[in-house]
Amino acid sequence: MSGLRVSWQGALASCLALVAAFLLPIASPDAAFAAHGVSMFVAFMAIGLVWIAAIVDGSRVGPAARAAVLFLAAHGMVWLLLSEIGDRNGVARSSFFVLLAAAWLLAWRLATVLSSIRFAGRTADTMMRLLVPALFGAWILIIWEAVVRGAGIPFILLPPPSAIGARIAGSVPILAADVYQTIFKAVLTGYVLGCAAGFVVAILADRFLFLRRGLMPIGNMVSALPIIGVAPIMVMWFGFDWQSKAAVVVIMTFFPMLVNTVAGLAASGHMERDLMRTYASSYSQTLTKLRLPAAAPFIFNALKINSTLALIGAIVAEFFGTPIVGMGFRISTEIGRMNVDMVWAEIAVAALAGSVFYGVVALLERAVTFWHPSIRGG
Amino acid sequence: MTSLPARILPVFAILAAIVAIWYVGTYALNAPFQRDLDRRAGETPTTWEFIVRTMTQPKPTLPAPHQVVANVYENTFLRKPTSNRSLVYHSWVTLSATLLGFAFGTALGILIAVGIVHVTTLDRSLMPWIIASQTIPILAIAPMIIVVLAAVGITGLIPKALISTYLSFFPVAVGMVKGLRSPEAMHLDLMRTYHASRAQTFWKLRVPASVPFLFASMKVAIAASLVGAIVGELPTGAVAGIGSRLLTGSYYSQTIDIFAALVAGSMVAILLVSVVGLAGRLTEKAMGARPA
């Protein structure tokens, strides 16, 4: 055993597997379901997988091979466990959860192995940077699914991810209509108007010192206020349709844009500004050629903050009154009808939309501020 | 350095302009309805009388500033703090949820930051998800969290505080990761030459270096926490809190009440942010920081 260096995750997982072996079977026996022998076979296969993975992980094979074995073992175990439960929710016994913990430890070990691998190529390295978080996200879903189904948590409290996925697949037209109403009409309109207004006022505040001195303390203070509270007033003024939601979004996105842009316009160095003076450049030339590019990181910061604020503003405003379509409307009515899977489907779509929105802004930022040290990587 | 009047004067000028625009807006938004009322009553008020009437409607489209001020004053100082029409009472309900959520959120954020700084796997796998977690409109999940927890028998403070927690852990986590990593390589090398253990490096170098970051992010976090608590009060038609005042105001078109609740919420926000700011300044002073 001289060449064996077992990691603590591997060791702990092996111990857990041993414990699980004494707590078998995995699920409460069900005469109608499966023969006892098959169930035992599955359990021992799962335990065997843990041992194989731990031993291979501790041996002197390369990291890629170890990662592959760990990947197969961890996910194979989960597959075995879940297929053992089948559609009989809540039949899991303690050994199920012990083995689940062992599988999770193997996945953790896998993530550790993966993050220690260094690649020469840039693309391979980027792939690895995406793979580890993806693994983490997948395991959140796996543990969610396994615990909910294994422990038989009531559907109303927390539906398993598979049910939510089925719900999304089954109600695409409704979800699409909601996304169109909330995001494409309310959020985008409000976002563009709010950011543009904040930007224009920031330029004005930059031009006139008096305005800047007056607006900045107010802007800083307002950013701490619960602006979302204007939602009921906006709904009263602009009616139930998307205009009122867009108005809330405008107000929510205005101040972050204002404060960040003004801060960004002050970001260019004295030396560069003096250089522009020696060129006898006008205010607008200095603005467009030096100070706006220098402010771009700040402006994009505001755009990113606003991308999440806008979504929140529109959805919350829908709680105060909507036509019979929209994400906030759907969430508040479906929760009343206890259709929890539909609510989760809506949330998943909202999260996806929010991430895409944020991602688009972030990509745009990379393209525009390619010169910035944080993007150049130096 | 600019003198104090030169800094204060523009702020007051802008505030005065806002109030002036507000009054004009009050007239403009309330006039159509008032005209309608007068026509039905068969009255022909003079211009001045008409303007006064637009400012004194009981349920205006946009209440005039003095109406809001009067309402806030009445509900803050003239009522017993235990009365359920008192803004003090509602602010207190919201404040307690905010503070609880803020405490949870700050603790969680610091914990996550410590994990991320010390465990490479966590750094690689957790950080992208923390950022992604904030693109989920948690406020949209608020109704479900509250209804689901109510089904399990947890009601009152905790569900609201959980929403506040979710909103407030993010700025703290991100700020603390930055703060715990802020010691320069030279200082870290110095600790190594002292043969300092990881724990010693953490407590004697990283933690002190992160304090300014902690307070900066706590200011953001407590404001987010208040928003979480207010929104947490909306969905179930909560009986108390600033959020419930907004909701009842919206049901009965009590615009003055809505504005008064907004003012109360803003007061709480300003109070909280200044308390955190003050605590930060005192802590940094006690730790021997020079004023910048």
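Start by selecting A:Val50, A:Leu99 and A:Leu106, which touch the most other members of the largest nonpolar core, a set of 165 residues; as you look, keep in mind that this is a predicted model.

Next, colour chain A by its two domains, giving one colour to domain 1, residues 8-153, and another to domain 2, residues 168-376. The centres of domain 1 and domain 2 of chain A, taken over C-alpha atoms, are separated by 42 Å.

Now turn to the place where the chains meet, and select the 47 residues of chain B that are in contact with 48 residues of chain A. On the chain B side, the elements that give two or more residues are α1, α5 (120-133), α6 (138-152), α9 (198-233), α10 (242-251) and α11 (255-286). Colouring this side of chain B by residue type divides it into 33 nonpolar, 12 polar and 2 charged residues.

Finally, show helix α1 (residues 4-41) and helix α2 (residues 47-55) of chain B, whose axes come within 9 Å and cross at roughly 100°. Angles of 65 to 115 degrees count as roughly perpendicular, and α1(B) and α2(B) are therefore roughly perpendicular to each other. To see where these helices meet, select B:Thr26, B:Tyr27, B:Asn30, B:Ala31 and B:Gln34 in α1(B), together with B:Phe50, B:Ile51, B:Arg53, B:Thr54 and B:Met55 in α2(B). The residues of this contact between α1(B) and α2(B) comprise 5 nonpolar, 4 polar and 1 charged.

Technical notes: Residues are numbered from 1 along each chain as its sequence is written. Chains are lettered from A and ligands numbered from 1 in the order in which they are written. This is a predicted model: local features need pLDDT of at least 70, side-chain atom pairs count only at pLDDT 80 or more; totals for chains, interfaces and linings use all residues. Axes are lines fitted to C-alpha atoms, for helices over the stretch in contact, and angles run from 0 to 180 degrees between N-to-C directions. Helices (H or I, at least four residues) and strands (E, at least two) are DSSP runs, numbered from the N terminus. Angles under 35 degrees count as roughly parallel, over 145 as roughly antiparallel, 65 to 115 as roughly perpendicular and the rest as oblique. Two residues are in contact if their C-beta atoms, placed from the backbone, lie within 7 Å. Ala, Val, Leu, Ile, Met, Phe, Trp, Tyr, Cys and Pro count as nonpolar, Asp, Glu, Lys and Arg as charged, and the others, Gly among them, as polar. A nonpolar core is a set of buried Ala, Val, Leu, Ile, Met, Phe, Trp, Tyr and Cys residues joined through C-beta atoms within 7 Å. A residue is buried if 20 or more other C-beta atoms lie within 10 Å of its own, exposed if 12 or fewer, and partly exposed in between; C-beta atoms are placed from the backbone. Domain bounds come from an automatic or database domain assignment.
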